[in-house]
Amino acid sequence: MAKPSPTPDTASSVALAGDLRITLGKLIRRVREQTQAHDLTAAQKSVLLRLERDGPATVSALARAESVRPQSMRVTVGTLETMKAVTGTPDPTDGRQTLIELTAGFRKKVTEVRAAKEDWLFRALEAQLSPQERRELAAAVTLLQRLADF
């Protein structure tokens with residue numbers, strides 16, 4: 001099967017993909033700079049976000065959701081417990097199980113970190129973009145959401 005020859009639209013999309021990747025990466029780094037650096041691994045962040053979004057879960061359920069072995073998840077959860085980010089309580093329906101959930105202190109910290117990031121982004125939007133550009137960006141966010149959901 002012959003590979004189709006590139007069209008101007010294809011070349012434009014290739015360039016757009018590269019520019020978008022670089023620009024979004026830079027923006028994400030700038031937003032992250034607005035808070036203190038945390039020594040969280042990608043696995044720890046993923047577990048914390050899952051617990052925040054979905055609520056308490058057992059280590060086994062977290063392992064399945066994250067596609068890792070339960071032993072690996074126990075290590076991740078243990079580290080998060082040491083950091084006082086999560087706590088375990090007995091499962092009311094099965095006393096042999098422990099439900100892992102975010103601590104109140106960590107929830108507060110997450111809220112504060114998000115507020116700092118959003119405050120920086122709000123100030124950047126106000127300082128760098130005109131009202132018309134902010135409307136255009138709002139429309140672009142809808143398109144970015146569609147790409148993220150692909």
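Guide: Threonine 58 counts as buried, at 13% relative accessibility. Keep in mind that this is a predicted model.

Visitor: Why is threonine 58 called buried?

Guide: Buried means under 20% relative accessible area. Threonine 58 has 13%, so the label is buried.

Visitor: Where is threonine 58 placed?

Guide: In the loop between helix H2 (42-54) and helix H3 (59-66).

Visitor: Which residues does threonine 58 contact, leaving aside its neighbours within four places in sequence?

Guide: Gln97, Thr98 and Leu99. Contact here means heavy atoms within 4.5 Å.

Visitor: What lies 3.0 Å from a polar atom of the side chain of threonine 58?

Guide: The backbone nitrogen of alanine 61. The cut-off for a polar contact is 3.5 Å. The 3.0 Å distance between threonine 58 and alanine 61 falls within it.

Visitor: Why is lysine 45 called partly exposed?

Guide: Partly exposed lies between the buried limit of 20% and the exposed limit of 50%. Lysine 45 has a relative accessible area of 39%, so it belongs in that middle class. Its place is in helix H2. The C-alpha atoms of lysine 45 and leucine 80 are separated by 9.7 Å, and the two residues are 35 apart along the chain.

Visitor: What makes serine 67 exposed?

Guide: Exposed means over 50%. Serine 67 has a relative accessible area of 67%, so it is exposed. Serine 67 sits in the loop between H3 and helix H4 (70-82).

Visitor: What makes lysine 84 exposed?

Guide: Its relative accessible area is 63%, which is over 50%, so lysine 84 is exposed. Lysine 84 lies in the loop between H4 and strand S1 (86-90).

Visitor: What is phi at serine 67, and what is phi at lysine 84?

Guide: Phi of serine 67 is near 60°, a positive value in a residue other than glycine. Phi of lysine 84 is near 65°, also positive and also in a residue other than glycine. Most residues other than glycine have a negative phi.

Visitor: Now the whole protein. How many helices and strands does it have?

Guide: The protein has 6 helices and 2 strands. Along the sequence, the pattern is α-α-α-α-β-β-α-α.

Visitor: How do you know that the protein is more spread out than a compact globule?

Guide: The globule rule gives 15 Å for 150 residues. The radius of gyration is 21 Å, well over that, so the protein is more spread out than a compact globule. The C-alpha atoms fill a box of roughly 60 × 50 × 25 Å along the principal axes.

Visitor: What percentage of the protein's residues are buried?

Guide: Buried residues make up 19% of the 150.

Note on methods: Residues are numbered from 1 along each chain as its sequence is written. This is a predicted model: local features need pLDDT of at least 70, side-chain atom pairs count only at pLDDT 80 or more; totals for chains, interfaces and linings use all residues. Side-chain values use heavy atoms; hydrogens and water are left out. Helices (H or I, at least four residues) and strands (E, at least two) are DSSP runs, numbered from the N terminus. Buried means under 20% relative accessible area, exposed over 50%, partly exposed in between (1.4 Å probe, protein chains only). A polar contact is a pair of N or O atoms within 3.5 Å; within protein, one must be able to donate a hydrogen and the other to accept it, and residues adjacent in sequence count only if both atoms are side-chain atoms. The radius of gyration is taken over C-alpha atoms; the globule rule is 2.2 Å times the number of residues to the power 0.38.
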